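Please view the sequence and structure below before reading on.

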Amino acid sequence: MQEQFYDRTRYEVSDAVRERHRAAAETVVSRERYGHLIDGEWIDAAAGEDGVAIDATTGAELATVQSGTPEDVDRAVEAARAAVEGSWGQLTPRQRADRLGEIADRLADRTTEIAKLDSLETGKPNLHALFVDCEVLIEQFRHFAALARSTDDGRVVPTGDEKRVFTHREPYGVVGAISAWNFPAMFVAWKLGPALAAGNAVVFKPSERATLSSLAVARICDRVLPPGTVNVVTGTGDAVGAAMTSHEGIDKLSLTGSRAAGVATLENAAQTITPTSLELGGKSPNIVFPDADLEQAIEGTLVSIFFNSGQQCTAGSRLYLHEDIAAEFIERLRDAVDGLTVGDPLAPATDIGPMIDHAHRERVRDFVETAVAEGATIATGGTDGVEGELEGAPFVRPTVLTDVGDDDRIGCEEVFGPVLSVFEWRDRENVRRRANDTSYGLAAGVWTEDLRTAHEFAAELEAGTVWINTYNDLFDPAPHGGYKESGTGRELAEEALAEYSQVKTVKVNLGGVPKMG
């Protein structure tokens, strides 16, 4: 039986757009039907069901992919266990590092293909996919290759007596990794890089909304690593995700996704007391002080909210402007937003592509319409899509809202689209309190020319990452993760390696054993 993973409609776009995307797909979609990648083979789902990979811009079917079952997860876990107890588990850190380096080299030769897959399936502007996502993808494998070779394995604990105490880091074994649809190729490296560097084998579930680039990256990994080291089971969260997060054979779980997905993961993992790492949503503040370089702050604001069409967990969706510069900032920001190119994600000039699908577009539209009903003013943009050859595609124009209340729905909930809410402030203590008055804490931005203010204010913000005079900079190998309901654990850096290993303490007694009496 063939079924779509979720509701999509055929989009009414022009024949020219449809043909352009069909031709692009022919160059990168390697097969009409993809199986699960288990133990080095493309394997059909146990129930024999298919899902559909869809072009986000045209609604056309790109390929069919497996709609997995708990039985498929069982097979993948068994293959991963065999790998970690066999050939993969026998490799030294240096040998693991060599394999990760080879993966990075092979990926570097395939970036055009991988970026195009993401642009087709998610609507991501192709230049962003190529020069941001794929750069981070490769860098993460290179970074964790270096860490696998050089990170301390443990430490010696000073005792001062006839004992020797030392610690040793060991892999968990089988890691279950679940990813989101907004950066599908890049997130493979975020999960696999540290998990493999630490010596684990992996069962990976990409989002059912974006699977093809994840499969392409995983296939490259599989060609370098022993069979079963990396396995991919595609399908829905209700079937595959639930089976993974409750599986007794999975030793560690890592998820990037929504708050709801994080809660479900924790509830399931609690039954087996499986350790989890979670990177969830955000409602990040972006705060502009009156002495800020406005040109830089405006450019940073565009990146903070409109990169990836706003479909990003770190989005600086709450812009706080000091009242002394608010009017000028909004006027200049409006001009900058109106200058963004909204269009075909395959076109090199495109800044804003479509939403992942019409269902998500309607969700974003509802946020904007509710905000206006609650008193917000549309400074630019709105819910209308685009005209011309892309008119039927699921676009939301980049939107700036003013007169938003702190307690309005759009001021509190994650929109996950190209919609910016603007607030004004006068008192530093007041804006600090308002910025922190959220259940989320993934990221924040601060714009000021005063170095002391920057450092002091960054220390006061409740966020896992604080950017000063920049935003969305994830190129450096610094730890990334959230406070509060934005998640637990860290990715992208040495701290991530610790998330995928556990510490064993060994105590050696070189003297006599104390008597009980």
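This is a predicted model: local features need pLDDT of at least 70, side-chain atom pairs count only at pLDDT 80 or more; totals for chains, interfaces and linings use all residues.

Tyr320 belongs to strand E14 (residues 318-322) and Phe423 to strand E17 (residues 419-425), so the pair ties together parts that are 103 residues apart in sequence.

The structure holds 9 aromatic pairs. One of them, Phe289 with Phe457, is edge-to-face, with 5.2 Å centre to centre and 85 degrees between the planes. Phe289 lies in the loop between strand E13 (285-288) and helix H10 (294-306), and Phe457 in helix H15 (residues 451-460), so this pair links parts 168 residues apart in sequence. Phe289 is buried at a relative accessible area of 7%, and Phe457 is buried at 0%.

One aromatic cluster is formed by Phe183, Phe187, Trp190 and Phe307.

## Charges over rings

The charged end of Arg31 sits over the ring of Tyr34, 5.8 Å from the ring centre. Lys252 lies over the face of Tyr500, 5.9 Å from the centre of that ring.

## Largest pocket

The largest pocket holds about 970 Å³ of space. Its lining has 36 residues, and those closest to the centre are Trp181, Glu208, Gly257, Ser258 and Ala261. Helix H8 (237-245), strand E11 (252-256), helix H9 (259-272) and helix H12 (358-373) each give two or more residues to the lining. H9 gives the most, with 6 residues.

By class, the lining has 14 nonpolar, 14 polar and 8 charged residues.

Key: Residues are numbered from 1 along each chain as its sequence is written. Side-chain values use heavy atoms; hydrogens and water are left out. On a 1 Å grid over the protein atoms alone, a cavity is a set of points where a 1.4 Å probe fits but cannot get out, and a pocket is an open set with protein on both sides within 12 Å along at least five of seven lines; lining residues have an atom within 4 Å of a point. Grid points are joined across faces, edges and corners, and a volume is the space filled by probe spheres set on the points. Helices (H or I, at least four residues) and strands (E, at least two) are DSSP runs, numbered from the N terminus. Ala, Val, Leu, Ile, Met, Phe, Trp, Tyr, Cys and Pro count as nonpolar, Asp, Glu, Lys and Arg as charged, and the others, Gly among them, as polar. Rings of Phe, Tyr and Trp (its six-membered ring) pair if their centres lie within 6.5 Å; planes under 30 degrees apart count as stacked, over 60 as edge-to-face and the rest as tilted. Buried means under 20% relative accessible area, exposed over 50%, partly exposed in between (1.4 Å probe, protein chains only). A charge sits over a ring if NZ of Lys or CZ of Arg is within 6 Å of the ring centre and within 35 degrees of the ring normal.
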